[in-house]
Amino acid sequence: PLGHVDLFVRSEGHGLRARCREEMQGVSFKDFFQAAKFGLWWLPEENSVCRIRVWPSEHGIEGSFHLTFDPDDEGRANILLSSSQDARCVNFVA
């Protein structure tokens, strides 16, 4: 995250966490950064629209989890990891 050079956004379960290496005692370098890999996927049928997914997935590209917005009643949105294909929740405009 901007302004926090020691933190890395990682996928953890169905969520995201910003963690530093020191917090993750016992996790190897490779495993720590494997959970910090994401891929940008451009949608060819849409202009300037993409999705961000965890990369790589043990289920391959088709089984990847996307960064998904889950809006609440007050207009705020939690960001989750899900296999949803709902364009209202997973599409980004870049």
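In the hairpin of strands β1 and β2, 2 residues lie between the strands, and glycine 13 takes a positive phi near 65°. Helices (H or I, at least four residues) and strands (E, at least two) are DSSP runs, numbered from the N terminus. The model is predicted: local features need pLDDT of at least 70, side-chain atom pairs count only at pLDDT 80 or more, and totals for chains, interfaces and linings use all residues. Residues are numbered from 1 along each chain as its sequence is written, and side-chain values use heavy atoms, with hydrogens and water left out.

Strands β1 (residues 8-12) and β2 (residues 15-19) run antiparallel and are joined by 5 bridges. Two strands pair if DSSP finds at least two bridges between them. Glutamate 12 stands opposite glycine 15 in β2.

The structure holds 4 salt bridges. A salt bridge is a side-chain nitrogen of Lys or Arg within 4 Å of a carboxyl oxygen of Asp or Glu. Arginine 19 forms one with glutamate 12, with the closest N and O atoms 2.8 Å apart. Arginine 19 also meets glutamate 23 (3.4 Å, N to O). Arginine 19 is buried, at 15% relative accessibility; buried means under 20% relative accessible area, exposed over 50%, and partly exposed in between (1.4 Å probe, protein chains only). Both glutamates are partly exposed, glutamate 12 at 25% and glutamate 23 at 41%. Another salt bridge pairs aspartate 86 with arginine 88 (2.8 Å, N to O). Aspartate 86 is partly exposed, at 26%, whereas arginine 88 is exposed, at 73%. Through shared partners, salt bridges join Arg10, Glu12, Arg19 and Glu23 into one network.

The structure also holds 5 aromatic pairs. Rings of Phe, Tyr and Trp (its six-membered ring) pair if their centres lie within 6.5 Å; planes under 30 degrees apart count as stacked, over 60 as edge-to-face and the rest as tilted. Phenylalanine 8 and phenylalanine 33 have ring centres 4.9 Å apart and planes at 85°, so the pair is edge-to-face. Phenylalanine 8 lies in β1 and phenylalanine 33 in helix α1 (residues 29-34), so this pair ties together parts 25 residues apart in sequence. Phenylalanine 33 is partly exposed, at 23% relative accessibility. The rings of phenylalanine 29 and phenylalanine 33 form a tilted pair, with centres 4.8 Å apart and planes at 55°. Both residues lie in α1, 4 residues apart, about one turn of the helix. Ring pairs link Phe8, Phe29, Phe32 and Phe33 into a cluster.
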